[in-house]
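Open the model in your viewer and keep the selection panel at hand. The tour goes stop by stop.

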Amino acid sequence: MPIVDRGARVRPNAQAAALLAFAAAISGQAQAQSITALPDQTSSIHLSNRDINHVVCEGGEIDDVRFSAEKAITVERAGSDAWIKFLVKEVETEGVPTRTYATAASEFFVTCNGAVYPLYAEPSDIPAQTVILTPGTAQRARANADLLGPLVEEERAVSITLSLLQDRVPASFSEVAPVARDFALPSLPSASLHERRRISIDGAGLSASEYLVRVSAAQRIDERAFLLSSLGANIFAVTLDRTDLRAGDTARLIVVRRGAVQ
């Protein structure tokens with residue numbers, strides 16, 4: 001159980017049919033490259049002009065995709081996924097077919113999680129691309145409010161702690177680069193700490209870290225030993241996944257803090 005610091009508080013029909021047939025298979029395959037796009041700012045990207053490109057709404061669904069109907073483009077969407085295909089113009093001259101691939105840039109306005117993602121896409125002779133629509137700060141804050149808002153402070157600490165211990169961190173939590181070096185605490189001279197993961201929770205005024213605690217001698221560790229300013233100026237809760245350790249053992253420590261990542 002967490003220790004809570006209470007004192008701290010051109011054949012469009014045929015092309016479309018082919019697009020739908022391949023969509024399910026493509027959504028589960030690794031693509032040549034992933035591109036990240038943010039809301040409310042234009043992302044200039046390159047998409048394949050011959051393969052089917054995949055757009056993914058992270059943590060939500062794609063509600064709409066708007067683009068110029070004059071362009072030879074097919075777009076299909078389902079749930080959190082959309083697929084974009086630049087149509088190929090095929091002309092037969094004296095019995096010899098010639099294919100012309102799109103080269104003119106197109107704009108797409110994709111609605112995902114209530115936000116609009118403007119994409120300026122240049123069709124290129126490259127493999128299929130995957131575009132990840134990543135939530136912005138406002139969307140993450142709204143999602144975190146929905147997730148944690150109904151909970152009291154102690155329940156928030158438990159929810160955040162379990163998400164880290166179970167490796168099921170919500171997409172609305174922001175990953176922050178952890179401290180790379182190992183370090184020791186004066187209160188635990190036979191233990192070393194390594195920060196494995198650090199997260200910031202927009203809109204909730206909380207942040208958290210997961211540490212790996214390795215001991216060189218058998219001992220029982222009290223979670224209160226980690227209520228130290230060196231692990232955060234405003235620690236809200238501390239949890240160890242195990243307290244009885246043998247020499248060489250490693251425990252997982254979760255520290256939840258009030259305030260932004262430090």
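What is the order of the strands in the open sheet of five strands? The order is E2-E12-E4-E7-E6, and the pairing is mixed. This is a predicted model, where local features need pLDDT of at least 70, side-chain atom pairs count only at pLDDT 80 or more, and totals for chains, interfaces and linings use all residues. Residues are numbered from 1 along each chain as its sequence is written, and side-chain values use heavy atoms, with hydrogens and water left out.

**Stop 1: the sheet**

Select E2 (33-37) and E6 (73-78). These are the edge strands, each pairing on one side only. Two strands pair if DSSP finds at least two bridges between them. Helices (H or I, at least four residues) and strands (E, at least two) are DSSP runs, numbered from the N terminus. Neighbouring strands of this sheet are turned by 20° against each other on average, direction ignored. The axes behind that angle are lines fitted to C-alpha atoms, for helices over the stretch in contact, and angles run from 0 to 180 degrees between N-to-C directions.

Now select E4 (residues 53-57) with E12 (residues 129-133). They pair in the parallel sense over four bridges. Pick Val55: its bridge partner in E12 is Val131.

**Stop 2: the hairpin**

Move to E6 and E7 (residues 81-86). Here the pairing is antiparallel, over six bridges. Thr74 stands opposite Lys85 in E7. Two residues lie between the strands of this hairpin, and Gly79 in the turn has a positive phi of about 65°.

**Stop 3: helix H3**

Select residues 153-165. Helix H3 has 13 residues and reaches 18 Å from its first C-alpha to its last, close to the 18 Å expected at 1.5 Å a residue. The expected span is 1.5 Å times one less than the number of residues.

Which residues of H3 are buried? Ala157, Ile160, Thr161, Ser163 and Leu164 are. Buried means under 20% relative accessible area, exposed over 50%, partly exposed in between (1.4 Å probe, protein chains only). Look down the axis of H3: its buried residues fall within an arc of 160°, so they line one face of the helix. The arc is that of the directions from the helix axis to the C-beta atoms.

Show the cover next. It includes helix H2 (137-148) and strands E15 (188-201), E16 (206-215), E18 (235-240) and E20 (250-258). After H3 comes Asp167, with a positive phi near 55°.

**Stop 4: aromatic rings**

Rings of Phe, Tyr and Trp (its six-membered ring) pair if their centres lie within 6.5 Å; planes under 30 degrees apart count as stacked, over 60 as edge-to-face and the rest as tilted. The count comes to three aromatic pairs. Phe67 and Phe108 form a tilted one, 5.8 Å centre to centre with 40° between the planes. Phe67 lies in the loop between E5 (62-66) and E6, and Phe108 in E10 (residues 106-112), so the pair ties together parts that are 41 residues apart in sequence. Phe67 is partly exposed at 29% relative accessibility, while Phe108 is buried at 0%.

Jump to Phe183 and Tyr211. This pair is edge-to-face, 6.0 Å centre to centre with 85° between the planes. Phe183 is in E14 (residues 183-185) and Tyr211 in E16, 28 residues apart. Tyr211 is buried, at 3% relative accessible area.

**Stop 5: Glu122**

Finish in E11 (residues 115-124), where Glu122 is found. Glu122 is partly exposed, at 35% relative accessible area. Leaving aside neighbours within four places in sequence, Glu122 is in contact (heavy atoms within 4.5 Å) with Ile45, His46, Leu47 and Ala105.
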